[in-house]
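Here are my notes on the model you sent over.

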Amino acid sequence: MMDNYRETFIEEAKELLAELESALLDLEKSPYDEDLVGRVFRAMHTIKGSGAMFGYDDIASFTHHVETVYDHVRKRELSVDKNLISLTLEACDHIRKMVDKRGEISAEDKSAAKRIRSSFKNLLPAEDVSVQKRTATPAVSNSDASEKATGNITYRIRLSPSRDIFANGTNPILLLDELRSMGLCSIAAYTAEVPLLNDINPEACYTRWDIVLTTSRGINAIKDVFIFVEDDCELKIDIIDEGHLSDVNDSFKKLGKILVERNDIKPDDLKNVLSSQKRIGEALVALGVIAPEKVHSALVEQQHIRGVSQERQSRERTASVRVPAGKLDRLINLVGELVTVKSHLSQIASSLLTPELIRIAEEVESLTEALRGNTMSMRMLPIGTTFSKFNRLVRDLSSELGKDINLITEGAETELDKTVIERLNDSLIHLIRNSIDHGIEPPEKREGNGKPRQGTIRLGAEHSGANVFIRITDDGAGLDAAGIRAKAVEKGLIAADAILSERELFALIFAPGFSMVKEVTSVSGRGVGMDIVKRAIDALQGTIDIASKNGRGTTITLKLPLTLAIIDGLIVKIGETFFVLPLSVVDECVELTEEDAAAAHCQELANIRGELVPYISLRQRFAISGAPPAIQQIVTTRIRGNRFGLLVDQVIGEHQTVIKPLGRFYRGVEEVSGATILGDGSVALMIDIAKLIQNAENDE
Amino acid sequence: MRKTVMTVDDSASVRQMVSFTLQQAGYEVLEAVDGRDALAKIGSATVNMVITDLNMPNMDGISLIRNLRKNPACKFIPIILLTTESQAEKKQEGKSAGATGWIVKPFNPEQLLAVVRKVLG
C-alpha cells in the first residue's frame, strides 16, 4: 500500500520540480513578483511535506532548508538575486537526483548536499539558524510509549470549556467519550449556568464537567485528549489516587475532605457543619457555602474511588486462578510424556559418552524434575475440604443411633492429589460409619465401663515421605478378636485350628462377605463395605492397617501415595523383559548365588543376615524361558509385617515411572497393575507385589 | 450513516493517502485540490469534516477555514489543518480562524485516523 503512495509521490515530485524550475526562471526575470515567490515556496513545501510522509526523510530535510530561505523571501526579509536563483536551481537538481534514486544517494552527492545546505544557511540572518532546529511538538504525540506502565491511577479532571468552543468545531461530548474509553470513568456535569430557554444562545457551551478517571495511562495521555482545546478550556488534572491499596480503615475519603481538597469549601466551613448532626453535604448546602452541584460532583468522586478500591481489594484477595481440572490432567499427562522422553535422553546421553550431551541431558533432567514437582503440586488439594464434610455425617449418624460422638480432625492442611482425595471419600465415609456403628458404645455402656459419655473419633492426616497417612481412631469397644475368629471359621474363611496373629485376624474383616454385627442396621452390617474399602485403597496403591485393643478402641491407618500419575519405580530385568516395582515398597536388594540357592535345598528361602526370607522366582511365576544367570538378585519387600523376596535376573535401577493403565483386554490380569514406557521405548509391566504374594501364598 | 470527510490538498499523494486511509476505516471521502475547489464542491454536498493543507495555490488553508465558518452548514463541523512543524505560529492562526485541530506532517495512517476519530467520533 505504502509503495503505491511512493510511486504517486515520485511522479508528483517530478512534476513539482519542473514547475519549480519554470517558476525560478520566471522569478529571475521579475524578482519582486510575490505570486512567483509563493509558487516556489508552495512547491518546496509540498515536496517537503509529502516527502516526509512517505519516508523520504533526506529529501524532506534538505528541502526544508530551501523552504526556510524562501519563507524569508516571502516575508521580504531577503531579496531575490541571481546567486539565490542559481543556488536554488542547483538544489532542484539535487532533489531530482534524490527522487530518482528513491532517496539513496552516494557519498559524493551527500557532500554536495552539505555544501548547498550551508550556502543556504549563510543567506539567513544569524539568529534564525538556531530556530532551524526541529521543535518537536507532534500533534499526535506518542507519549504512551515513553510512559511507564504503572498500575491504575485515578485522576480528577475539571473541564470548563469556553463559551464559544463550538465555533471551532469541537464537540466536548467526544472528549468525554475519549476519556471514557481510557478506563473507569465517572462524570458529573454542572448545568446550573444553562440559562432559561428565552435567554439561551444555542451556539454557546454553558456546561462544565468534573471527571474522575481510573486508568493505566499516564497524565500525558490524558493531556493529549485535550490537545486541541487546551487554549479554549480551563483544565485542571489532579492525581487523587496513586493506585496503592489504601488503608483498611481509610478506604475512601470523607466527602468534606474531597470538597476541601477541591477548594470548593473552606476548612472552617467544614468545621462548622461537622458539629451539626445533619449529613454533611446537605448541611453545607443549607449553610449556603456551596452549590448542590459541587456536592453532587464530590459524591460522584467518592463513589468512584470507593468502587475502584473495592475492586482492587477483591483482585488482591483472589490471587489464584481457577483452571478446569481437565486442563490440569492434560498437563500432568504431558509432563508424564516429558518424563519418558527425559529418561530416553538420559539413557542415550550416558551411552554416547558425549560430555556436552550429558550436560544437556542433566539440565533437562533437573528441569523436568522441577516441572514434575510443580505440576504435581498444582493438583494437590488440602484434605481438609473432605474432612469438614464428615462433621455433618458424624452429627447426623450419632443422633440417629442415640450416641454422643465428637469428631476431631487433625492435619486438615495435608495436601494430597485431587484424584486420590476424590476416590478416598467413599472409603472414609465407610470407615467412619463403622467406627460410629461398631466402635463407639452407647453412652450408658460407656459410663458403665468408666469411660466418658461422649465418644471421640479422631480423623488425622500427615505426610511421610512420598506417602500420606490417614488415621481414623476411635475410643470405642475395639475389635473382638475371638468374635472375628468365630465368625471367620463360621464363614469358612479360615480353618478352625488355624494359628493367626492378632493382626492377621483383624485383616479378615476386609474379606468379602464378612460382617461382625448379627443384626443388619440401616448404617452398616451388610457385609459389604470393608471389602469395598480395601479394594478402593488397593486401587489407590495404598494399604490399610488395623490396630485395636479390646475395650480401648481401634485405629485404622490408610497409607496412600501422594499421587497416582507418576511414581518412583525400580526397574528389574528377567531374560529380556523389564518389570517395574514400586520403589516405595522395596526394602533392599541382595544377591543370590547358585551356591546360596543350592544350600537352601530348593526351599526358595534366602538367608539374609540370619533371617530366613521366602522368595518367589518371577522367572518361574511368569514362565519366562531361558536359564537364570549365575548370580541373581532378590528384591525384598514387607507385606503385612512379613518379609518376602522377589527373585529377578538383574536390578537395573530407579526410574520415574508414568503409570498407564493396561488395555481393556488385560484388565483381568491380577498381578500386573499397569505398564510404563521406558527410555528406549520398550514396555515394562508394573508388578502389583501385594497381589502377587497373596496369589503365590494361595497357590501353595 | 457513513460520514463524509473532505480532504483538501494540492499534493495528489497526500490526498490519495488520506482518501485510502479514511475509506478503509469506513468514511466517505471527497477530494479537493485547493481552497477554491473545496468551497465550490462543499456547496453541493454534505460534508461532516474537512482536512485541509495550509499552503495551497488559489486559496490557502487559513482562508478556506474562515470561509467555511461563514457557511451555516459548516459552522460547527470539525476542521483539521495539516501543518509542518516549522509553522507553530500557523497553528495559532489556524485556531483563531476556526480550525478544530491540526496534524503535523509527516503523519502516518494511524495518526490520521486517531485525530479523525477524536474530533468526528
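1. Chain A first: 44% of its 700 residues are buried, where buried means under 20% relative accessible area, exposed over 50% and partly exposed in between, using a 1.4 Å probe and protein chains only. One caveat before going on: this is a predicted model, in which local features need pLDDT of at least 70 and side-chain atom pairs count only at pLDDT 80 or more, while totals for chains, interfaces and linings use all residues. As for bookkeeping, residues are numbered from 1 along each chain as its sequence is written, chains are lettered from A and ligands numbered from 1 in the order in which they are written, and side-chain values use heavy atoms, with hydrogens and water left out.

2. Chain A has 24 helices and 21 strands. These are DSSP runs, numbered from the N terminus: H or I over at least four residues for helices, E over at least two for strands. Of the chain A contacts (heavy atoms within 4.5 Å) with a separation of 6 or more, 69% are between residues 24 or more positions apart.

3. Have a look at α16 of chain A, residues 384-400. Its 17 residues reach 25 Å from first C-alpha to last, close to the 24 Å expected at 1.5 Å a residue; the expected span is 1.5 Å times one less than the number of residues. The buried residues of α16(A) are G384(A), T386(A), F387(A), F390(A), L393(A), V394(A), L397(A) and S398(A). They fall within an arc of 145 degrees seen down the axis, so they line one face of α16(A); the arc is that of the directions from the helix axis to the C-beta atoms.

4. What sits on either side of α16(A)? The cover over its buried residues includes β5 (380-382), β6 (405-410), α17 (418-439) and β8 (455-464) of chain A. On the other side, T385(A), R392(A), R395(A), S399(A) and E400(A) are exposed. Just after α16(A) comes G402(A), with a positive phi of about 70 degrees.

5. Q541(A) follows α21(A) and has a positive phi near 65 degrees.

6. At the contact, F62(A), H65(A), V66(A) and V69(A) of α3(A) meet A113(A), I116(A), R117(A), F120(A), K121(A) and L123(A) of α5(A).

7. Over to chain B, which has 5 helices and 5 strands. From the N terminus on, they run β-α-β-α-β-α-β-α-β-α. Buried residues make up 60% of the 121 residues in chain B.

8. Last, R66(B), found in helix α3 (residues 61-70) of chain B. Its relative accessible area is 42%, making R66(B) partly exposed. R66(B) and S96(B) are 30 residues apart in sequence and 9.1 Å apart in space, C-alpha to C-alpha.
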